[in-house]
Each structure stands twice: as C-alpha cells, then as structure tokens.
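Dear colleague,

Please find below the structure that I am handing over to you. My findings on its pocket, surface and salt bridges follow.

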Amino acid sequence: MLLKRYAGNLLLLILLFLLLAFFFLGDVFVPKAIDFSDYPMLHSVLVVFLGLFLESIPFLFLGAIASSFIQLFISEEIIQRMIPKRPLTAIFAAIAAALIIPVCECAIIPVVRRLIQKGVPVHAGVVLLVTAPILNVIVFGSTYYAFQNNPSILYGRIILCVLTAIIAGLFIHIFSTKDVVKEDKLELVQGHVHDSQSSKWTSFIDHTSQEFFMVGRYFIIGALFASVFQVFMDRSVMADIGQAPIKGTALMMGIAFVLSLCSSADAFVAASFSHSFLPGSILGFLVFGPMLDLKNVLIMMSCFKRSFVVTYVLLIFAVVFSLCLIAGGLISKGGF
C-alpha cells in the first residue's frame, strides 16, 4: 500500500532525472541510439516534438508546483473575501484574484464550483474560469519565451483574456441564474484529492506529481499531434487556410479545443504554427484553449448544470472568435 501511494512521486523523480540527463547529454547519445536517416519525415517529427517538449517541461513543472501550493496553502475563504458583491467591482476583483491563482484550467473548475457554493457570485466565478489559466506569471513567462520576437502575441493574449472576462462576466450577470452548480458530494476531479491525515508537505508532493503527470500526458499528446501536423500537413493547404482570417482562426480554436493543452506550455505549440497562420489565429489558439477544451468541458459537465455549460461554451466561443478577428486586424495594421 505504501509503495502504491508513493509510486507517483518516485516516478516523478526518475522522470526529472532522465529529463536532466537528456537535456545535457541528449545531443551526444540520441543521434547514435536513434538513426532515422532512412526515414526523414519521422526524423523531422522527432526533432519538432523534442523541441516543443524540452522547451515546455520547465513551465509544466513550475505550473504543477504553483497549482499544488495554491491548492493546499491558500484557502478558498481568502479568495472569497477578495471578491465583493457589486457586479462590476466583483468582475475586476476576480481578474485581480486570477493573478495569484496560477492553476490549470482543470484545477480551477472545482475551486470555482466550491466558491459559488460558498456565496461568490456566478459571474465572478465565470471570470475566474476565464482568467485564472492565463493571467499568471507562469503563462506570462512561457508566452514571452515562445514569442520573444513577436510581443504583440503576448500583449494580445492578456488583453483579449481580460476583455473576454469582462464581456462574459457581464453577460452571465444579466442573463444567467444563480442556480448553476450541480450538487454532488463526491470529488469530481481525479488527481485533486488529498489524504486529510497526511501532512501538508506530503500532500504537496503527492499533488505536484499527480498534477505534473495529468497535465504532462495531455501536453505530450498535443505536442506529438502538432509535430505530425507540421511535418505531414500539405503546406499549400495550410497556407491557404492560415492566411484566411476567419477560417484560420476557427481552425486554430478547434485545434486548441481538441489538443486540450495546459496553458503553461501551450505557447510553444502555438509558436510552431506561427509561420503558417496569422497572428489573430494564433491568438485564437492561445486565448480559447485555456478557457475551453475537450477535457475541461467534460469536467464542467460534472460540476455545473448542462444549461449553464452550454451557455458558457457558446458565449466564450463567440466572444473569443470576434475579439481575435478584431485583434488580428489591429496587429496587421501595427496595433498592439
């Protein structure tokens, strides 16, 4: 039983050791161990994938640590006291609160559910759902690192996130009911449960390993998909779609939804598409993905009532799509 309990932590340490060894010695041993000279396309996929993977791992790990710290050492009551009751004030307070809640889009859903149950206004909860996965130092750092030569993407991601939060928050305040939470006494999200009898630091390590592997497996799948897409996709088709603002933005938002990447590392995948798609389309990927993807919609369906989830999905898609088209036009004219 003890071995099973700490198996994840042991696996995390082994993986970190192997990653460090690969990072410093990979260029020496990997070419000798893996020879793809007869398969140039597979070699290209491997090169693109490893580039994405090695760039993103530090941010994935930092995101897991930050998520664990918030989950265990900052109570929801503290966050609740920061959010006032007045609608507009609550929206901006929730945006400010998002700056200190660097958690993934999966982790924020059960937190918001509990906050709403404790009296936080629904529209303020929606603002947290929208902003928490994007407005934090981890995502800021990864986006800056991935788009060092294109700061308009970094600024655009932040500005569009805030605008989406304000619009969505006001819409939900005006049109949504207060009864949106689906009552369930069971823990709804696997990987965020902790043994109450264990120490907080033991739980911190447990949560970090669970968070890292939960997020990491989605990122690996997404990075592999992006690598294959980049190598095998017909460049003429990609160029035609990527240079069309409406089609390109819709496609990138769809890719972000399916890949379900963690917001702390999705910028590296987005950067791999930047040569084929317009800035507005890249922003669609970076803004829409953390707010809505396949895995967090499933989690939302288990936490909130279906009518609310449908409203939220349609609202976020419409707002982000419209804002990205506007932002793309501004960037092309030298804005941001």
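The helices named here are DSSP runs of at least four residues, numbered from the N terminus. Please note that this is a predicted model.

The largest pocket holds about 280 Å³ of space. Among its 18 lining residues, Ala146, Phe147, Gln148, Ala271 and Ser274 are the closest to the centre. Two or more lining residues come from each of α2 (40-73), α7 (137-146), α12 (266-272) and α13 (279-291), and α12 supplies the largest share, 3 residues. By type, the lining comprises 11 nonpolar, 6 polar and 1 charged residues.

Phe232 belongs to helix α9 and is partly exposed, with a relative accessible area of 47%.

The whole structure contains 2 salt bridges. In one of them, Arg157 pairs with Asp266, and the closest N and O atoms are 2.9 Å apart. Arg157 is in helix α8 (residues 151-175) and Asp266 in helix α12, so this pair ties together parts that are 109 residues apart in sequence. Both Arg157 and Asp266 are buried.

Asp179 and Lys305 also form a salt bridge, at 2.6 Å from N to O. Asp179 sits in the loop between α8 and α9, and Lys305 in the loop between α14 (294-303) and α15 (306-332), 126 residues apart. Asp179 is exposed, with a relative accessible area of 51%, whereas Lys305 is partly exposed at 31%.

With kind regards

Definitions and conventions: Residues are numbered from 1 along each chain as its sequence is written. This is a predicted model: local features need pLDDT of at least 70, side-chain atom pairs count only at pLDDT 80 or more; totals for chains, interfaces and linings use all residues. Side-chain values use heavy atoms; hydrogens and water are left out. On a 1 Å grid over the protein atoms alone, a cavity is a set of points where a 1.4 Å probe fits but cannot get out, and a pocket is an open set with protein on both sides within 12 Å along at least five of seven lines; lining residues have an atom within 4 Å of a point. Grid points are joined across faces, edges and corners, and a volume is the space filled by probe spheres set on the points. Ala, Val, Leu, Ile, Met, Phe, Trp, Tyr, Cys and Pro count as nonpolar, Asp, Glu, Lys and Arg as charged, and the others, Gly among them, as polar. Buried means under 20% relative accessible area, exposed over 50%, partly exposed in between (1.4 Å probe, protein chains only). A salt bridge is a side-chain nitrogen of Lys or Arg within 4 Å of a carboxyl oxygen of Asp or Glu.
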